[in-house]
Amino acid sequence: MVEINVRTALYGIIGNPLGHTLSPAVHNAAFRFSGIDAVYLAFETSDPVACLKAARALPINGMSVTIPFKSRILDHLDYVEPAAREIGAVNTVVNRDGILHGWNTDAPAALEALEACSELSHLRCLIIGAGGAAKAVAFALKDRCREVTVSNRTEQSARTLAGSVGCGWTPLSDAHRQKADLVINTTPVGMHPDTGKSPVTEQVLENATAVMDIIYRPRKTLLLETAARLGCTTIGGEEMFLRQAARQYSLWTGKTAPLERMRAAFEEAMKGPR
Ligand code: NAP
């Protein structure tokens, strides 16, 4: 256990709301495990730009960024890594001597989580949702899958996302016609406490061999339960969550993240209050 002292480095997450974030549990466990003299706090804020100023001034060495600030902070950073610029969202800030660098670790994390379970190149992928997470997933998969299609409640957003990624889109009511091999939910539909809901009908999964839900509370959403019943490989949201956190840790410390220790901290934190 590292004691907080005059040299302890500060990290944190900015977002709103943050009441249920598991990031502090996972990152503090990683710092402790590796003997890194640092703490990671949750900063629930309505002013992300002021937080960036504070990061320079205090300093805060690194920050995770979550809903609803991932796009909003883009123009307030000194440098944005090209992939994050293309996606239009930053979930990681690295403070290098007062110069703030923005990265997106969601996209490679989603790809890594999927590649751990399936060879992607021959798959037709259907992404449900067209928000920030969908964008990261679509950019990650666009050159890896045989075909990528997005579908969303608000059709205009699906059309816009498809245009910027260079993939297809379909109305939700026609999603079953895609005969997708891989279906990925990036909407909050099915998340606690609305666990009785699924973002798509069973018909949409008829051809699927693998289904990923980026929700991690509950572990098995109704979508994943249905997919498992149909014999699909299922991938829960914790796989993307842990990998995006591990990549943040590496960007901040220059070290390989202790992924299994982070997983154990995640499991422990999941037992706590929702
Ligand atoms: P976002 O930008 O607000 O986008 C939300 C998307 O979900 C939009 O496409 C929205 O459709 C759709 N949606 C919301 N409520 C819906 C409903 N009741 N029925 C149908 N569609 C609905 O949010 P985000 O940043 O993409 O995050 C989405 C989810 O992913 C959140 O639950 C977040 O916690 C999770 N997430 C997980 C990870 C991870 O590492 N596992 C990483 C990032 C995000 P409209 O356009 O019609 O509003």
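Reader: Why is Lys 179 called partly exposed?

Author: Lys 179 has a relative accessible area of 47%. Buried means under 20%, exposed means over 50%, and partly exposed is in between, with a 1.4 Å probe and protein chains only. Because 47% falls in between, Lys 179 counts as partly exposed. A word on the background: this is a predicted model, in which local features need pLDDT of at least 70, side-chain atom pairs count only at pLDDT 80 or more, and totals for chains, interfaces and linings use all residues. Residues are numbered from 1 along each chain as its sequence is written, and side-chain values use heavy atoms, leaving out hydrogens and water.

Reader: What makes Asp 97 count as exposed?

Author: Its relative accessibility is 83%. That value is over 50%, so Asp 97 is exposed.

Reader: Where is Asp 97 placed?

Author: Asp 97 sits in the loop between strand E5 (92–96) and strand E6 (99–103). Strands (E, at least two residues) and helices (H or I, at least four) are DSSP runs, numbered from the N terminus.

Reader: What is phi in Lys 179?

Author: Phi of Lys 179 is near 50 degrees, a positive value in a residue that is not glycine. Lys 179 belongs to the loop between strand E9 (168–169) and strand E10 (182–185). Asp 97, also not a glycine, has a positive phi of about 55 degrees. Most residues other than glycine have a negative phi, and most peptide bonds are trans.

Reader: Which peptide bond has omega near 5 degrees?

Author: The cis bond from Asn 16 to Pro 17. Pro 17 lies in the loop between strand E1 (9–15) and helix H1 (23–34).
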